[in-house]
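Student: Can we go through this one together? I'd like to start with the metal and then move to the other ligand.

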Amino acid sequence: MHPDEFVLPIFFDEKLSEVKINDSMPGVRTFPLGGYDGIASGIQSSGVNSVLVFGVPAEKDSQGSGAYAADGVVQKAICGIKENSDILVIADLCLCEYTDHGHCGILDKSGWVKNDETLELYAKTAVSQAAAGADIIAPSGMMDGQISAVRTALDDAGFKEIPIMAYSAKFYSAYYGPFRDVACSAPGHGDRAGYQMPCGNRKEAIREIELDTEEGADIIMVKPAGPYLDIVRDAAEMFDLPLAAYQVSGEYAMIKAAARNGWIDEGRAMMESLLGIKRAGADIIITYFAEEAARKLI
Ligand code: PBG
Ligand code: ZN
């Protein structure tokens, strides 16, 4: 493994005035806006050179309008990081941090997600993130057709060279719990089973990845990583595109929690979990351990 293969997810919260330590994800900090220079150089000192940026807005509404506001939290954070460093910035594109109901798309009267209307908002969000300076756009909402909608919008806005990292095989998973605490994005009613994938279905995962490649994905992703290493391996063998695997918040929190109780050797469990993901065939590993693991490697 090499630190260049790691991507560190980072969070910016518009309401904060100082760095917040998160209980459910020990070691993961949420940053206030500002101080980008120090944040980027701190991360780069570990050897990690890429971040996946998430925003937590001060205000949420039914349309998730903070996600595509020119002066939204994530747009400000992306712009600040790019102006103050040369770190690679990947923008997570979803509405769930920005909607008051916590779903990844906008809803109809009965509370179901409206797929095609949501695509228009993803398109706007992608363009605003690219305009803010994002190097890669990563749609994570799992609406049907999201990759072609985002590709078309980016092309039309003159961002033909901005690649898309597609959350292609994103499973409906219990392992996202700690993230939703940190990003304040738990759905207020129902769940995400309607748009994320059922965990038992291997063939559907391949179909989803295939569709994303046809729609114009430049990088494909499997998420979570650890419980889905068979899918990582299938994807590595079946597709030519660079393959990312996302070791999600729950995978991270379990290792941290066991280590805090003295039940597991944290350093070894961390490296073993990451090496397993690499061995399965991932080219890129998105992990909250990125800095810690990179420091062990250099
Ligand atoms: C937003 C998004 C989620 C994660 C990444 N992007 C949350 C979700 O789908 O509920 C989860 C990441 C993690 O658990 O570390 N759609
Ligand atoms: Zn979402």
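Tutor: Along the chain, the donors of the zinc ion (ligand 2) follow the spacing C-x1-C-x7-C. Keep in mind that this is a predicted model.

Student: Which residues are the protein donors of the zinc ion (ligand 2)?

Tutor: They are Cys-94, Cys-96 and Cys-104, each through its SG atom, at 2.2 to 2.3 Å from the zinc ion.

Student: And what is the geometry of the site of the zinc ion (ligand 2)?

Tutor: The site is tetrahedral, with angles of 99 to 121 degrees among its four donor atoms.

Student: OK, switching to ligand 1. Where does ligand 1 sit?

Tutor: Ligand 1 is in the largest cavity.

Student: Which residues around ligand 1 come nearest?

Tutor: Lys-170, Arg-180, Lys-223, Ser-249 and Tyr-288 come nearest, out of 17 residues around ligand 1. By class, that shell has nine nonpolar, three polar and five charged residues.

Student: What about Tyr-288, how far is its side chain from an oxygen atom of ligand 1?

Tutor: An N or O atom in the Tyr-288 side chain is 2.6 Å from an oxygen atom of ligand 1.

Student: How much of the accessible area of ligand 1 does the protein cover?

Tutor: The protein covers 100% of the 400 Å² that ligand 1 has on its own.

Student: Which side chains lie by a nitrogen atom of ligand 1?

Tutor: Ser-140 has a side-chain N or O atom 3.2 Å from a nitrogen atom of ligand 1, and a polar side-chain atom of Asp-92 lies 3.5 Å from a nitrogen atom of ligand 1.

Technical notes:
Residues numbered from 1 in each chain as written. Chains lettered and ligands numbered in written order. Predicted model: local features only at pLDDT ≥ 70, side-chain atom pairs only at ≥ 80, totals over all residues. Heavy atoms only, no water. Near = heavy atom within 4 Å. Polar contact = N/O pair within 3.5 Å; in protein donor to acceptor, adjacent residues only side chain to side chain. Areas by Shrake-Rupley, 256 points an atom, 1.4 Å probe, with all protein chains shown as cover. 1 Å grid on protein atoms, 1.4 Å probe; cavity = no way out; pocket = protein on both sides within 12 Å on 5 of 7 lines; lining within 4 Å. Sits in = over half its atoms within 2 Å of the grid points. Nonpolar A, V, L, I, M, F, W, Y, C, P; charged D, E, K, R; others polar. Donors = N, O, S within 2.8 Å, 3.2 Å for Na, K, Ca; no water. Tetrahedral: all angles 85-135°; square planar, octahedral: opposite > 155°, others 65-115°.
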